[in-house]
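Biologist: I'd like to learn how to read helix packing and pockets from a set of coordinates. Could you walk me through a case?

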Amino acid sequence: RTDDLSGFLPYEDIAATLVHELSHNWVGEHDALFWSNYGQMRAEYLHRHASLAAAGYLANGQTTAAVAGVAEHCKGGMKSVAEFVLGEISQEASRHGVPMALVAPAVLKRCDELKVESEGSEMGQKLGGNNSAGGTEGNAVRTARELALAAAERRARTEKEQQDRDSRRQ
């Protein structure tokens, strides 16, 4: 609901809040790791909408990006997604004393990964369609659960690698 309880927040704000709270499932504090994770998840969310729009998938005659209120952020591909996400994070991160120089590299890297992953691969499946790929190998369509698990594993692997690098420096 809105702060004055007179109405409801736009869907885009609700989705951003959901991603924010999901980020807290992994990182409690509003530190650089939190904002990096949040930014990567927001980029994944917007990338999915952009991919579905580019493939021509519609919900009630509109792209999912239009329904979710994020079409403008997805129009220019991953470059505009990255710019939007970094802009969105910058004010909140600075309020918590987190410099964007610590957050931006992880978000930009994830945007680059998403761009590479989607080039030449079939993204998504039309509602009511048949997933004839029969699995998750190669470029086969993966479920949202499989995609979320893969993203979480990538983030955990990246964090472990960073911790290993940090411990070697000490």
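This is a predicted model: local features need pLDDT of at least 70, side-chain atom pairs count only at pLDDT 80 or more; totals for chains, interfaces and linings use all residues.

Biologist: How do I read a pair of packed helices?

Modeller: Two packed helices are described by the angle between their axes and the distance between the axes. Helices are DSSP runs of H or I with at least four residues, numbered from the N terminus. Axes are lines fitted to C-alpha atoms, for helices over the stretch in contact, and angles run from 0 to 180 degrees between N-to-C directions.

Biologist: At roughly what angle do helix 1 and helix 2 cross?

Modeller: Roughly 135°, with the axes of helix 1 (residues 11-24) and helix 2 coming within 9 Å. That makes helix 1 oblique to helix 2: angles under 35 degrees count as roughly parallel, over 145 as roughly antiparallel, 65 to 115 as roughly perpendicular and the rest as oblique. Contact means heavy atoms within 4.5 Å, and among the residues making this one are Y11, E12 and A15 of helix 1 and F34, W35 and Y38 of helix 2.

Biologist: Where do the axes of helix 2 and helix 6 stand?

Modeller: They come within 8 Å and cross at roughly 25°. That makes helix 2 roughly parallel to helix 6. In helix 2, the residues S36, G39 and Q40 are among those that meet helix 6, whose side includes A106 and R110. This contact divides into 9 nonpolar, 5 polar and 2 charged residues; Ala, Val, Leu, Ile, Met, Phe, Trp, Tyr, Cys and Pro count as nonpolar, Asp, Glu, Lys and Arg as charged, and the others, Gly among them, as polar.

Biologist: And what about helix 2 with helix 5?

Modeller: The axes of helix 2 (residues 32-54) and helix 5 (residues 77-95) come within 10 Å and cross at roughly 145°. W35, Y38 and R42 of helix 2 and V81, F84 and E88 of helix 5 are among the contacting residues. By class, that contact has 10 nonpolar, 2 polar and 3 charged residues.

Biologist: How do I read a pocket?

Modeller: Rolling a probe the size of a water molecule over the atoms shows where empty space is left. On a 1 Å grid over the protein atoms alone, using a 1.4 Å probe, a pocket is an open set of points with protein on both sides within 12 Å along at least five of seven lines, and lining residues have an atom within 4 Å of a point.

Biologist: Which residues are closest to the centre of the second largest pocket?

Modeller: S36, Q40, A106, T158 and E159, out of 21 lining residues. Helix 7 (144-169) is one of the helices supplying at least two lining residues, and helix 7 gives the most, with 8 residues. The lining divides into 7 nonpolar, 5 polar and 9 charged residues.

Notes. Residues are numbered from 1 along each chain as its sequence is written. Side-chain values use heavy atoms; hydrogens and water are left out.
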